[in-house]
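Dear colleague,

Please find the structure below, handed over for your use. A summary of the findings follows it.

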Amino acid sequence: MTSPLVHIDGISKRFGDAVALENLSLDIAEGEFVTFLGPSGCGKSTTLRILGGFERPDTGRVILDGEDVTNQPPERRHVNMVFQDYALFPHMTVQQNISFALELKGMDKSAIKRRLDEITSFLELDGFGDRYPGQLSGGQRQRVALARALAPDPALLLLDEPLGALDAKLRGQVQRELKSIQRQTHKTFFFVTHDQEEALTMSDRIVVMNKGRVEQDGTPEDLYFHPQSRFVAEFIGETNLLSGKMRGVDGEAVVMDWFGQTLRGHAPSGVPTEGASITASVRLEKLGFHKARPDLPNAVQGHVVSKTFLGSRMAVDMVVDQTDGAKLRAFVDADTGHSIGDDPIWAAWDSDSMAVLRD
Amino acid sequence: MNRRVELNRGNRIFLACVYWAFVLYVFVPLILMIVMGFKDSKFIGFPIRSWTLDWYTGVFSDAEVLYTFGYSVVIAILSTLISVIVGTWIAVLLEGRKFWGRAVTFGLMVLPALVPGIISAIAFRIYARMLGIEPGMGAIIWAHAVHNVPFVTLVVMARLSTLPKSQIEAARDLGADPLMAFMRITLPYLVPAILGASVFCLLLSFDDFVRSFFLGGYEPTLPVLIFAMLRSGMSPEINAIATVALVLTAAIGIWAERFTRRANKESQT
Ligand SMILES: Nc1ncnc2c1ncn2[C@@H]1O[C@H](COP(=O)(O)OP(=O)(O)O)[C@@H](O)[C@H]1O
Ligand SMILES: [Mg+2]
């Protein structure tokens with residue numbers, strides 16, 4: 001195995017009494033698009049700032065490309081950052097902003113010019129070179145910030161919620177652009193966001209953070225369909241949470257008791273002890289409706305109480321019989337939704353679609 | 001909350017009267033002074049029977065006046081240079097830093113601006129003698145510089161507090177060491193404040209009488225010269241000198257104000 005580009009080794013950071021990071025370890029491979037996802041205040045920016053060299057961890061080390069950079073100042077690291085407020089220099093033109101790092105590196109004029117042309121045409125900033133940041137739109141500023149950070153060809157690019165200041169429509173477009181820029185440059189992107197949809201659409205890998213710790217680390221699909229904890233299941237997407245008792249193991253499946261009904265799922269975070277109170281998660285699109293009891297590991301009977309048309313699909317809410325009024329919610333296509341009447345109906349799902357969670 | 005005080009018609013007229021009375025109070029003496037400088041007679045006062053520019057041509061050919069004017073300008077420029085460098089340096093050290101005794105340090109820094117001129121002038125005089133500093137240009141520059149430092153520091157600190165932290169971090173991120181980040185980012189950002197403070201210091205120094213009087217040697221500064229001339233009787237020549245000084249200082253002040261405002265606007269993104 002080749003060594004990772006970034007190796008974060010057990011870093012902790014406190015600000016006074018507040019714990020920002022607690023013993024965080026993480027490896028990032030070269031060329032990855034890694035997203036740090038978590039609610040506000042969970043330590044995402046702090047991690048990024050430690051990688052950039054703006055904060056020092058209280059304990060632990062940061063290894064970049066085999067070199068311990070924990071105590072290196074930002075100017076010595078082969079890492080660049082796109083700041084949340086872009087931090088463009090207002091008294092410099094776009095061109096001067098982008099070539100700032102190249103100049104400091106001592107590159108000669110013609111080399112700077114070549115790199116500048118390359119990067120501005122790549123990011124479609126031609127013709128803006130002589131403007132000042134104050135004369136640009138939000139989207140253009142964002143691209144200039146990206147160009148400035150990419151210009152010195154860093155080994156690692158840090159992005160701290162760089163799309164936060166853009167309006168919703170522009171955001172989607174910039175997300176796709178950013179992803180394609182990352183693919184074309186093969187650069188390692190370390191992206192921070194609190195927006196789970198953004199994380200799902202852009203990342204090769206998502207690290208979910210909660211209260212200064214890594215909650216789960218995996219591909220977007222992994223996190224979405226196989227959440228290990230209740231926090232991840234609830235933070236990413238919408239889900240049905242079923243609380244019951246652990247009964248035992250049957251082959252590959254974990255068996256749980258839910259209001260006297262036997263359900264089968266899987267446990268991505270390890271098998272709980274028998275008799276323990278557990279919670280399982282089933283994604284809305286994994287539930288199917290059937291007129292008669294289907295041949296699936298999990299099937300419960302109930303009746304539909306409401307249907308909500310959402311355009312491309314329909315949300316169906318049902319109350320499950322023989323429970324204390326437990327509800328399940330499912331996404332179906334509109335035609336299927338319309339065909340569901342008031343008669344009792346079966347909702348069913350596969351054992352692979354139900355993840356038993358760690359608390 | 002932005003609650004506008006509603007005024008009835010009577011109050012509005014009353015306030016307008018007070019305002020214009022104030023304006024007259026300030027400007028009538030100035031206008032009288034300027035007018036008298038063009039009077040073709042040695043005696044100041046009405047009626048004015050004929051006009052002349054002789055007082056002005058007199059001023060511009062009076063070697064002593066011209067020399068003194070230059071002397072005052074040199075003192076103003078040199079003391080301002082010192083104030084600006086020291087004041088900016090203190091501002092950079094104090095702003096955004098928390099340390100034990102910061103409040104005391106800050107208070108001591110502001111003090112020179114608050115001490116009454118006559119007291120600080122006497123104190124400087126005594127201190128200068130103890131140090132063996134001869135009265136004269138050096139002593140005046142030193143006193144002016146010390147007096148003006150707080151104004152520079154306060155203005156520069158106010159500007160510095162609006163510089164986003166990410167600006168410096170971005171510069172460091174892109175390869176600038178702390179000194180380079182200061183020179184390329186912080187300093188350009190401070191230019192409008194430094195310029196404004198400089199003009200203020202220039203005017204304060206140029207205008208100062210008390211310190212210049214107490215610490216001066218045989219050569220007077222312009223205000224001290226005017227004072228000396230007054231003792232031998234009021235003459236329209238003094239009006240002419242004062243008018244020239246007034247026009248120059250007003251021009252510099254207005255130019256600086258406009259420049260600072262434009263620079264401030266440019267740096268807002
Ligand atoms: N400079 C600082 N001083 C004090 N507390 C800080 C500082 N920076 C971050 N924190 C605290 O550390 C925690 C993590 O912050 P941060 O990394 O910015 O979170 P996120 O980027 O995920 O929103 C928060 O509780 C925050 O209040
Ligand atoms: Mg943050």
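**Ligand 1 and its surroundings**

An oxygen atom of ligand 1 lies 2.6 Å from a polar backbone atom of Gly41(A), a polar contact being a pair of N or O atoms within 3.5 Å (within protein, one must be able to donate a hydrogen and the other to accept it, and residues adjacent in sequence count only if both atoms are side-chain atoms). This is a predicted model, in which local features need pLDDT of at least 70 and side-chain atom pairs count only at pLDDT 80 or more, while totals for chains, interfaces and linings use all residues. Residues are numbered from 1 along each chain as its sequence is written, chains are lettered from A and ligands numbered from 1 in the order in which they are written, and side-chain values use heavy atoms, with hydrogens and water left out.

Backbone N or O atoms of two further residues approach oxygen atoms of ligand 1: that of Gly43(A) at 3.1 Å and that of Lys44(A) at 2.9 Å. Ligand 1 taken alone exposes 560 Å², and the protein buries 60% of that (accessible areas by the Shrake-Rupley method with a 1.4 Å probe; for residues, only the protein chains shown count as cover).

The residues surrounding ligand 1 (a heavy atom within 4 Å) include Phe15(A), Ala20(A), Pro39(A) and Cys42(A). By class, this shell holds four nonpolar, five polar and one charged residue. Here Ala, Val, Leu, Ile, Met, Phe, Trp, Tyr, Cys and Pro count as nonpolar, Asp, Glu, Lys and Arg as charged, and the others, Gly among them, as polar. Helix α1 of chain A (residues 44–52) gives the largest share of the shell, three residues; helices (H or I, at least four residues) and strands (E, at least two) are DSSP runs numbered from the N terminus.

**The interface of chain A and chain B**

In chain A, 24 residues are in contact with 20 residues of chain B (heavy atoms within 4.5 Å). The area buried between the two chains is about 2,000 Å², and carbon and sulfur atoms give 59% of it; buried area is the accessible area (1.4 Å probe) that two parts lose on being put together, summed over both. Glu75(A), Pro90(A) and Leu104(A) supply 28% of the area that chain A buries against chain B, more than any other three residues.

The rule finds three salt bridges across this interface (a side-chain nitrogen of Lys or Arg within 4 Å of a carboxyl oxygen of Asp or Glu). One of them joins Arg49(A) to Glu169(B), with the closest N and O atoms 2.8 Å apart.

Yours sincerely
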